[in-house]
Amino acid sequence: MTILQIRGLNCRIGGREVLRHVDLTVEEGETVVLLGRSGSGKTTLLKCVNGIVADWAGEIRFQGKSVAEWDRFAMRRKMGYVIQDGGLFPHWTVAANVGLVPRLEGRPDGEIAARVEALLRNVGLDPAEFGGRYPRQLSGGQKQRVGIARALAADPPLLLLDEPFAALDPITRFDLQQQFVEMRRSWHKSALFVTHDVREALLVGSRIVLLRDGKIEVEAPAAEFRATKNAEAREFLRALSDEL
Amino acid sequence: MSREIAAASLEHVELVLVTLVIAAAIGLPAAVWLARRAAWRRWVVGFVNVAQTVPSLAMFGFLLPLPLIGGIGKRTAVAALALYALLPIVRNTLVGLLGVDAGVRESAEAMGMTPRQILWQVELPLATPAIVTGLRIATVSTIGTATIAAAIGGGGLGVFIFRGIAMYDKWTILAGAVPAAALAIVADEVLGAIEKRMRGVGDGG
């Protein structure tokens, strides 16, 4: 089933064309990576999907329904969202942060508590130890784990991830990438994953979409991306082969 | 004499409290409204800034001839004092609201919170320490400025100060000045302690 379908998406911000005629679909269970340099439009594309950027033309359909027909708030609650620094609410405990969307949906307290506990375990945090902590009492990696747990809390069919691991130290980043891949195998969620790191793209993605100046340059299954002849893709891959 | 001082102190506190309630009732919603409107913000904050630079005695004079709020008495005094108290309340509330981390606001929006939920559950709680700072500054300065209100029949501890000046009697002046200073110090300490607690919560401590 197609979760997300984007057709002819154009977006201008401040007179500049940030996205140019983008066509993209995300199928169920698929992690599509949006790869590109800074300013290539990948984050904007993510924000067009959940309506944080509202000024675009074209068509975006989520679960078969045009996003214009969706209730904006209900739709966003079905799209888990993770950003670089987690965006956790500093005045709420870890448990309250993770329980945010189920609470917005009016689920009963007992159900939320059980869900939060299960999710924290899922991302490798002991609920008894971490549930009562505040975000500033967490390391960068722990914050991102909580951010992912929060994004998964209402069991959304689609995850939007905007460079979720970019600010972490290399070891923690690798840990979280591995864990993400493992979780991805066991769930049937779709994800749109923004990164500028080709290694990460190859690791977590089932499909890679390379953006350049707001246009799709290459779209290929992750396994075939290495073989692409596209010049921009070669630039990214060169960074890999230059490594020790 | 001491009974008279107590009565004047009470009147003073009343004057300050009424002023603050009015200033907060106008200033807090105004700041919330302005936080989302950059163009208006400059003009309004500019106006309130200018209002602040008018010497308080002159301000009482300006307000005297105005209908409804003017005339000799408490009403004019409260109107002028509230105008002064607005600035710290509006400015600090704005600082608090605008200081909310962009990533926090963005993820609140992206998680499907409505603007109202974001305001009440995220922005206002995170701005609370700054709001309390504004209220503290407004309180302390109003306690001082309110002594001048006696010049236009506002009553309070300023009555002693003006009477003492007229009589060339330093004891009478002190009878107004010392309790006013004491009130200011107590208010500062109490609100400062509340503020400190709030900061602890906001930081998640």
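How many bridges join strand 7 of chain A to strand 8 of chain A, and do the two strands run parallel or antiparallel? In this predicted model, five bridges join strand 7 of chain A to strand 8 (residues 190–195) of chain A, and the two run parallel. This pair belongs to an open sheet of six strands in chain A, with the order 6-7-8-3-9-10 and mixed pairing. Strand 6 (79–82) and strand 10 (215–221) of chain A stand at the edges of the sheet; each has a single partner strand, so one side of each is left without a neighbour in the sheet. On average, and with direction ignored, neighbouring strands of this sheet are turned by 15 degrees against each other.

Strand 7 (residues 158–162) of chain A is mostly covered, with five of its five residues buried. The cover extends to both faces of the strand: L158(A), L160(A) and D162(A) are buried on one side, and L159(A) and L161(A) are buried on the other. Strand 6 of chain A also runs parallel to strand 7 of chain A, and four bridges join these two strands. Individual residues illustrate the arrangement. L160(A) in strand 7 of chain A is the bridge partner of Y81(A), and L192(A) in strand 8 of chain A is the bridge partner of L160(A).

Strand 9 (residues 207–212) of chain A pairs with strand 10 of chain A in the antiparallel sense, over six bridges. Within this pair, R212(A) has K215(A) of strand 10 of chain A as its bridge partner. Helix 11 (residues 231–241) of chain A packs on the sheet and touches strand 3 (31–35), strand 9 and strand 10 of chain A. The direction of helix 11 of chain A makes about 110 degrees with that of strand 9 of chain A.

Chain A also contains an open sheet of four strands, in the order 2-1-4-5, with antiparallel pairing. Its edge strands are strand 2 (16–27) and strand 5 (65–66) of chain A, each of which pairs on one side only. Strand 1 (residues 2–13) of chain A pairs with strand 2 of chain A in the antiparallel sense over eight bridges. In this pairing, I13(A) stands opposite R16(A) of strand 2 of chain A.

Helix 1 (residues 42–49) of chain A lies across strand 1, strand 2 and strand 4 (56–62) of chain A. The helix runs at about 115 degrees to strand 1 of chain A. Helix 1 of chain A is mostly covered, seven of its eight residues being buried. The buried residues of this helix are K42(A), T44(A), L45(A), L46(A), K47(A), C48(A) and V49(A). Just after helix 1 of chain A, G51(A) takes a positive phi of about 80 degrees.

A further buried position is found in a loop. L125(A) lies between helix 5 (109–122) and helix 6 (127–130) of chain A. Its relative accessibility is 4%, and L125(A) therefore counts as buried, the cut-off being under 20%. When residues up to four places away in sequence are not counted, L125(A) touches L120(A), F130(A), Q142(A), R145(A) and V146(A). L125(A) and T172(A) are 47 residues apart in sequence, and their C-alpha atoms are 14 Å apart in space.

The contact between the two chains takes 25 residues from chain A and 23 residues from chain B. Together, chain B and chain A bury about 2,000 Å² between them, and 62% of this area is on carbon and sulfur atoms. E106(B), A110(B) and M111(B) supply 31% of the area that chain B buries against chain A, more than any other three residues. Two salt bridges are counted between chain B and chain A. E106(B) forms a salt bridge with K47(A), in which the closest N and O atoms are 3.4 Å apart. K47(A) is among the buried residues of helix 1 of chain A.

Confidence values accompany the prediction. For the complex, the predictor gives an ipTM of 0.87 and a pTM of 0.85. Chain B has a mean pLDDT of 89, and 97% of its residues reach 70 or more. Among the elements of chain B, the highest mean pLDDT, 94, belongs to helix 6 (residues 115–145) of chain B, and the lowest, 80, to helix 3 (residues 56–63) of chain B.

Technical notes:
Residues are numbered from 1 along each chain as its sequence is written. Chains are lettered from A and ligands numbered from 1 in the order in which they are written. This is a predicted model: local features need pLDDT of at least 70, side-chain atom pairs count only at pLDDT 80 or more; totals for chains, interfaces and linings use all residues. Side-chain values use heavy atoms; hydrogens and water are left out. Two strands pair if DSSP finds at least two bridges between them. Contact means heavy atoms within 4.5 Å. Axes are lines fitted to C-alpha atoms, for helices over the stretch in contact, and angles run from 0 to 180 degrees between N-to-C directions. Buried means under 20% relative accessible area, exposed over 50%, partly exposed in between (1.4 Å probe, protein chains only). pLDDT is the predictor's confidence in each residue, from 0 to 100. Buried area is the accessible area (1.4 Å probe) that two parts lose on being put together, summed over both. A salt bridge is a side-chain nitrogen of Lys or Arg within 4 Å of a carboxyl oxygen of Asp or Glu.
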